[in-house]
Amino acid sequence: MKTFKLLCAVLALTFGLVSFSSCGSDDDDDVATPAARDIAGTYTADMSCSVMGEASDFENMTFTVTATSDATVDITIPTFGEMPMQVPEFTVTGVKVSGADGSYTLDTTTFSGTLPNGKSYSGTLQGSYKDSRLSVQFNLQYGAMPMPMICSWTAPKN
């Protein structure tokens with residue numbers, strides 16, 4: 001009987017120590033947010049574009065960055081410009097994001113498509129995220145324009 005009580009005490013002490021030690025770790029605090037999810041959000045900025053050296057500024061535009069995986073985002077460019085050359089909203093999909101510790105690179109991504117107005121578009125997009133600011137540059141070939149638009153913007157997350 002004494003042996004049984006001693007065995008129960010040892011088992012209780014063992015289970016108590018295992019339970020205690022399994023709850024004492026805060027390793028989750030060291031887990032980094034995946035790059036794409038870190039930069040996902042909305043950004044409001046003025047966008048500058050030039051065509052053959054002729055510059056235009058489009059004020060107070062809101063861009064949306066959506067994480068589609070831990071390392072990939074979609075970037076929605078809002079409508080800009082004046083009729084008849086107004087560019088409707090379009091989304092650049094599958095932009096790969098790499099880096100760590102709040103400093104990321106948006107890999108050069110080629111995009112193309114046809115907008116609801118029937119005009120085709122194509123181009124490249126690239127960028128970076130550092131000091132809580134997203135900078136994006138893209139070249140856009142829109143419709144029958146013979147020269148691309150070269151556009152850029154930099155903004156903090158809203």
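Biologist: Which residue in S2 is the bridge partner of Gly41?

Modeller: That partner is Val65. Before going on, a word of caution: this is a predicted model, where local features need pLDDT of at least 70, side-chain atom pairs count only at pLDDT 80 or more, and totals for chains, interfaces and linings use all residues. Residues are numbered from 1 along each chain as its sequence is written, and side-chain values use heavy atoms, with hydrogens and water left out.

Biologist: Fine. How many bridges pair S1 and S2, and in which sense?

Modeller: The general idea first: two strands pair if DSSP finds at least two bridges between them. Strands themselves are DSSP runs of E, at least two residues, numbered from the N terminus. Here S1 and S2 have 10 bridges and pair in the antiparallel sense. Their hairpin has two residues between the strands, and Met52 there takes a positive phi near 50°.

Biologist: And what joins S2 to S3?

Modeller: A hairpin, through four residues. Strand S2 (residues 54-67) and S3 run antiparallel, joined by four bridges. Val65 turns up again here, standing opposite Ile75 in S3, while Ala67 stands opposite Val73.

Biologist: What do the strands build together?

Modeller: A closed barrel of eight strands, running S1-S2-S3-S4-S5-S6-S7-S8 with antiparallel pairing. From one strand to the next the twist averages 25°, taking axes as lines fitted to C-alpha atoms and angles from 0 to 180 degrees between N-to-C directions.

Biologist: Is Thr72 buried or exposed?

Modeller: Buried means under 20% relative accessible area, exposed over 50%, partly exposed in between (1.4 Å probe, protein chains only). Thr72 counts as buried because its relative accessibility is 15%. You'll find Thr72 in strand S3 (residues 72-77). Contact means heavy atoms within 4.5 Å; leaving aside neighbours within four places in sequence, Thr72 is in contact with residues including Ala36, Thr66 and Lys96.

Biologist: Now the cysteines. Which two form a disulfide?

Modeller: A disulfide is a covalent bond between the sulfur atoms of two cysteines. The rule used is a pair of cysteine sulfur atoms within 2.5 Å, and by this rule the count comes to one. Cys49 and Cys151 form that disulfide, with their sulfur atoms 2.2 Å apart. The pair links distant parts of the chain, 102 residues apart: Cys49 is in strand S1 (residues 41-51) and Cys151 in strand S8 (residues 149-156). With 115° about the S-S bond, the link of Cys49 and Cys151 is right-handed. Cys49 is buried, at a relative accessible area of 5%, and Cys151 is buried at 1%.
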